[in-house]
Amino acid sequence: MFKKIIILACILTTVCARINAQIYLPENNGERLKETLEEGRLDVPAFSLEWIFAAHQFWMYRGEKEYMKTLLPTERNILSWFEMYLKEDNCLHNLPEQNFFHVSEADSAVLAVDTQGRNAFLDIMYILALKKAAEMESDFGNPGIGMAWRQTADRIGFTFRGWYWDNGRKMFADNSGRGSFSQHVNILAILAGIISGEEAVSLLGSILEDKTILQCSEDFSPYFKEARRVCLGPEPGEVAIIPLEAGFTKVLIEPSSEGITRYESSVQHPHGAVEVKCIMRKKHLTAEVNLPSGITGIFRWNGKEIALTDGKNKIIISK
């Protein structure tokens, strides 16, 4: 019997339900953000950046460029608001309002700032939001604005390590005082590309082993899973099915190279079902992938990549 496996990318219906709640509902974050921005403030700055993350994720899974264009003014206002607090040292300083983030469903933590009001969590969230907004601007907005966002992100990223890296513990601190540490900042640093390759793998191991640093909650687990996949690939027994291009027009399918020998998976796609069947025997993997019409992709396993076309694809890979 085939073994059903977990989809790292999240089942589309679940993802879109969460994103719809953040973007579509007029009484929710979208309208609230507009109101507070018009007053020259943001109630919870970190959450406004997460709203940009959600918009980007919706675009990657669903496309809908015409609708996404209506969100651009709010995204621009959010990022411009943050830019007012970006100083010559390429760090955000003394953001007003409620500077905290979720530690658990029932609790939250105030962001630890240094004597100059700098905080690594806000800086790295800002970098990621700038990069995601730049991608959307370049595709269906204003390419000039996208270039400016990208340059700002690169400039902050270039100095981020100097401000927050702790050589003794081999991880990023929560601020330049290096008095507190969290999994959150380090996970986001991996996702932002501040650290990569074997160094990122080592960092991930360090923050998993060190129980003295602030641990991630369930709310933050999607970021952790994404960082783990970036560093190590899918967890044993899992297969990643994620969009490589906006609107899910190109798909990455990446089974784990360990943990199971026979499995089957299907995930709903806006244009139909993505179906994957794999059998692993000794050092050989055979797979059958079925993609909806007009959808292409990449099948990645054990460091090897094979291009996928729409319809049925038969794959044989040897280690």
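Here is a short chat about helix packing, a sheet and a pocket in a predicted model.

Colleague: Great. At what angle do H3 and H6 pack?

Modeller: About 35 degrees, with the axes of H3 and helix H6 (residues 120-140) 9 Å apart. Axes are lines fitted to C-alpha atoms, for helices over the stretch in contact, and angles run from 0 to 180 degrees between N-to-C directions. Helices (H or I, at least four residues) and strands (E, at least two) are DSSP runs, numbered from the N terminus.

Colleague: Which residues of H3 meet H6?

Modeller: Among them are Phe-53, His-56 and Trp-59 in H3, and the H6 side includes Met-125, Tyr-126 and Lys-132. Contact means heavy atoms within 4.5 Å.

Colleague: What about H3 and H5, how do they cross?

Modeller: Helix H3 (residues 45-62) and helix H5 (residues 72-83) cross at roughly 145 degrees, and their axes come within 10 Å. Residues in that contact include Trp-51 in H3 and Trp-81 in H5. By class, the H3 contact with H5 has nine nonpolar, two polar and one charged residues. Ala, Val, Leu, Ile, Met, Phe, Trp, Tyr, Cys and Pro count as nonpolar, Asp, Glu, Lys and Arg as charged, and the others, Gly among them, as polar.

Colleague: Switching to strands: what is the order in the four-stranded sheet?

Modeller: S6-S7-S11-S12, an open sheet with mixed pairing. Strand S6 (239-243) and strand S12 (304-308) are the edges. Two strands pair if DSSP finds at least two bridges between them.

Colleague: And how many bridges join S7 to S11?

Modeller: Four, and these strands run parallel. Val-251 stands opposite Gly-297 in S11.

Colleague: Last one: which elements supply the lining of the second largest pocket?

Modeller: Helix H10 (221-232), strand S7 (250-255) and strand S11 (296-301) each supply at least two residues of that lining. The lining residues divide into five nonpolar, five polar and five charged.

Methods. Residues are numbered from 1 along each chain as its sequence is written. This is a predicted model: local features need pLDDT of at least 70, side-chain atom pairs count only at pLDDT 80 or more; totals for chains, interfaces and linings use all residues. Side-chain values use heavy atoms; hydrogens and water are left out.
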